Each structure stands twice: as C-alpha cells, then as structure tokens.
Amino acid sequence: VAGRHCPQQTQKKEHETNKQRGKQPSLKPKPKDTQMTRVSLLYRRSLRLVNNWACSRDTFLVLGPQVRARFDAHKNVRDPVLIQSLILGGEKWLEDTAHCDPYIAPYNEGGSKWQRNVPPPQDLADEKNFVEFY
C-alpha cells in the first residue's frame, strides 16, 4: 500500500545498500520494529550465534532444529506482555552467550579478504588521464 511504512521494505532496502557497499545488514532490532519483525531477527541472530559456536556443520545441523523448537514452543502465545518478555529474554540470552570471535564472511567488512583488491580511484581510471606507453 502506497504511503504506509513497511519495516520489511526498509530492511530490504538497507540490505541492498549494505550489499552494494559490501557490509552485512544490521541484525539489531530498532525500537519501532513490530514484534513479528523482532522475533524473526531474534531467530536469525540465534541461528548465527549457534553457527558461531558450532565446531562443524554437523553440530550446527543438530543445534539448529533445537533453536527452531524453542521458537515453535511459543508460537501460539497471544499475550503482548508475555511476548515482550520472551523477546527481551531471548535478546538477553544472545548478549550473554555472544561469541568472542564470530564468523565474518571473507568479503564482508572485517573479513579476511575485505578490500584485498580495491579498485583504483576514479580519477586514475578516466580516459582523459590515460597515458599510452607505446
């Protein structure tokens, strides 16, 4: 609907601009996010945290469904106060169990290949500044 603010569209735009810049999208909830958005971000952050702590893919494949089961156990909760307390508890758990050295994709900022082959400045690449050497 035109004129209405949609948090998913905002996050998608943020993801696309960060992708162009080579950054990972921010997975921190904003204060104005809806509970559904916060829960989905909490789920994604939980999976990333479990992936950081898993020593192998096989371990992650065992722990991932356990994370999903914890979210599915509270899927039918309708009380807003209880939902808010569950979200805050999950965010507190994420902070308490944060990995000291999380995995960063090589091409993202902070990764091992970040800016390894930086393109030359635009003024050097312009044709008017190009000098032929033959």
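Modeller: Of the 134 residues in the protein chain, 20% count as buried. The model is a predicted one. The chain holds five helices and zero strands, and its elements run α-α-α-α-α from the N terminus on. Among contacts with a separation of 6 or more, 56% are between residues 24 or more positions apart.

The part to look at is helix 4, residues 80-96. At 1.5 Å a residue, its 17 residues should span 24 Å, and the end C-alpha atoms are 24 Å apart, which agrees.

Next, its sides. The buried residues of helix 4 are Ile83, Ile87, Gly90, Glu91 and Leu94. Viewed down the helix axis, these buried residues fall within an arc of 95°, so they line one face of helix 4. On the face turned away from the buried side, helix 4 carries the exposed residues Val81, Glu95 and Asp96.

What do the buried residues of helix 4 pack against? Their partner is helix 2, residues 35-53. The axes of helix 2 and helix 4 come within 10 Å and cross at roughly 25°. An angle under 35 degrees counts as roughly parallel, and helix 2 and helix 4 are therefore roughly parallel to each other. Their crossing is left-handed. From helix 2, the residues that meet helix 4 are Gln35, Arg38, Val39, Leu42, Arg45, Ser46 and Leu49. On the helix 4 side they meet Pro80, Ile83, Gln84, Ile87, Leu88, Gly90, Glu91, Trp93 and Leu94.

Helix 2 also packs with helix 3, residues 57-72, at an angle of about 155° and with the axes 10 Å apart. Angles over 145 degrees count as roughly antiparallel, and helix 2 and helix 3 are therefore roughly antiparallel to each other. This crossing is right-handed. The contact is made on helix 2 by Val39, Leu42, Tyr43, Ser46, Leu47, Val50 and Asn51, and on helix 3 by Phe60, Leu63, Gly64, Val67, Arg68 and Phe71.

To return to helix 4: its buried residues line one face, and they pack against helix 2.

Conventions: Residues numbered from 1 in each chain as written. Predicted model: local features only at pLDDT ≥ 70, side-chain atom pairs only at ≥ 80, totals over all residues. Heavy atoms only, no water. Helix = DSSP H or I, 4+ residues; strand = E, 2+ residues; numbered from the N terminus. Expected span 1.5 Å × (residues − 1). Buried < 20%, exposed > 50% of the residue type's maximum accessible area, 1.4 Å probe, protein only. Arc of directions from axis to C-beta. Contact = heavy atoms within 4.5 Å. Axes fitted to C-alpha atoms, helices over the stretch in contact; angles between N-to-C directions. Parallel < 35°, antiparallel > 145°, perpendicular 65-115°, else oblique. Left-handed = near helix turned anticlockwise from the far one by under 90°.
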